[in-house]
Amino acid sequence: MNIDHILDAGPVIPVIVIKHIEDALPLARALVRGGLRVLEVTLRTPAALDAIRAMRAVEGAIVGAGTVLGQAQYDAAIEAGAQFVVSPGLTDALVALAAARGEVPLLPGVATASEVMRAREAGYTRLKFFPAESSGGVATLEGFASVFPDVRFCPTGGISSDSATRYLALANVACVGGSWPMPDEAMTQRDWGRIERLASATAALRRAR
């Protein structure tokens with residue numbers, strides 16, 4: 001599975017923080033039923049790796065690991081069954097790990113033109129733009145478009161259901177990442193029906209093509 005297949009699977013990648021492992025399976029089912037197939041589980045909680053294992057059982061789900069910072073997390077994520085890896089930045093060590101684990105694509109993060117240039121030199125033209133809103137948002141990506149015409153981005157960080165449409169209108173945006181389809185209140189109440197409805201509305205967002 002290549003990175004373009006993953007980024008093109010839907011307009012939004014839910015960025016998921018799992019605090020309780022028992023929430024992983026029903027959450028994944030609700031999101032996939034709503035039309036959001038690509039799920040990024042951030043490695044910020046003790047339950048994250050087990051959540052990836054659980055979510056892989058959901059038919060149609062493409063499950064990845066986010067907030068991967070180094071080799072230990074990278075290896076653990078792949079052992080847990082992650083189908084892609086997302087990092088907030090790009091280091092020489094991550095480039096080497098991704099080359100050694102070529103069957104699992106890496107989506108590295110960038111925030112500046114210099115970081116995009118370094119990523120391109122390492123062979124990456126599919127990048128996470130992070131943190132999107134505090135790094136100039138849509139205006140920065142518009143500036144990148146003419147300078148880096150071969151690069152496509154998945155902006156993440158501070159994006160809401162309202163701002164998502166502005167990002168998705170850009171030709172160099174493949175998809176966006178965000179947590180709004182899983183609001184804290186719905187997660188606390190385990191309101192999977194509400195999350196499925198939010199996922200359905202999110203999956204209907206249009207992208208520039």
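The model is predicted. Helix H4, residues 71–79, packs against helix H5, residues 92–100. The angle is about 25° and the axes lie 10 Å apart. Angles under 35 degrees count as roughly parallel, so H4 is roughly parallel to H5. The crossing of H4 past H5 is right-handed. On the H4 side, the contact is made by Gln-71, Tyr-74 and Asp-75. H5 contributes Leu-94, Leu-97 and Ala-98. By class, the contact of H4 with H5 has four nonpolar residues, one polar and one charged.

Ala-24, Leu-25, Leu-27 and Ala-28 make the contact from H2. From H3 come Ala-51, Ala-54 and Met-55. The contact of H2 with H3 has seven nonpolar residues, with no polar and no charged ones.

| Helix pair | Angle | Axis separation |
|---|---|---|
| H4 and H5 | about 25° | 10 Å |

Three strands form an open sheet in the order E6-E7-E8, with parallel pairing. Which strands stand at the edges? They are E6 (109–110) and E8 (152–155). Each has a single partner strand, so one side of each is left without a neighbour in the sheet. Strands of a sheet pair through backbone hydrogen bonds. E6 pairs with E7, residues 126–129, in the parallel sense over two bridges. Val-110 has Phe-129 in E7 as its bridge partner.

H7, residues 137–147, lies across E7 and E8. H7 runs at about 155° to E7.

The model has four aromatic pairs. One of them joins Phe-129 and Phe-144. The ring centres are 6.0 Å apart, with 80° between the planes. Planes over 60 degrees apart count as edge-to-face, and the pair of Phe-129 and Phe-144 is edge-to-face. Phe-129 sits in strand E7 and Phe-144 in helix H7. The two residues are 15 residues apart, and their pair links distant parts of the chain.

How values were computed
Residues are numbered from 1 along each chain as its sequence is written. This is a predicted model: local features need pLDDT of at least 70, side-chain atom pairs count only at pLDDT 80 or more; totals for chains, interfaces and linings use all residues. Side-chain values use heavy atoms; hydrogens and water are left out. Axes are lines fitted to C-alpha atoms, for helices over the stretch in contact, and angles run from 0 to 180 degrees between N-to-C directions. Helices (H or I, at least four residues) and strands (E, at least two) are DSSP runs, numbered from the N terminus. Angles under 35 degrees count as roughly parallel, over 145 as roughly antiparallel, 65 to 115 as roughly perpendicular and the rest as oblique. A crossing is left-handed if the near helix is turned anticlockwise from the far one by less than a right angle, and right-handed if clockwise. Contact means heavy atoms within 4.5 Å. Ala, Val, Leu, Ile, Met, Phe, Trp, Tyr, Cys and Pro count as nonpolar, Asp, Glu, Lys and Arg as charged, and the others, Gly among them, as polar. Two strands pair if DSSP finds at least two bridges between them. Rings of Phe, Tyr and Trp (its six-membered ring) pair if their centres lie within 6.5 Å; planes under 30 degrees apart count as stacked, over 60 as edge-to-face and the rest as tilted.
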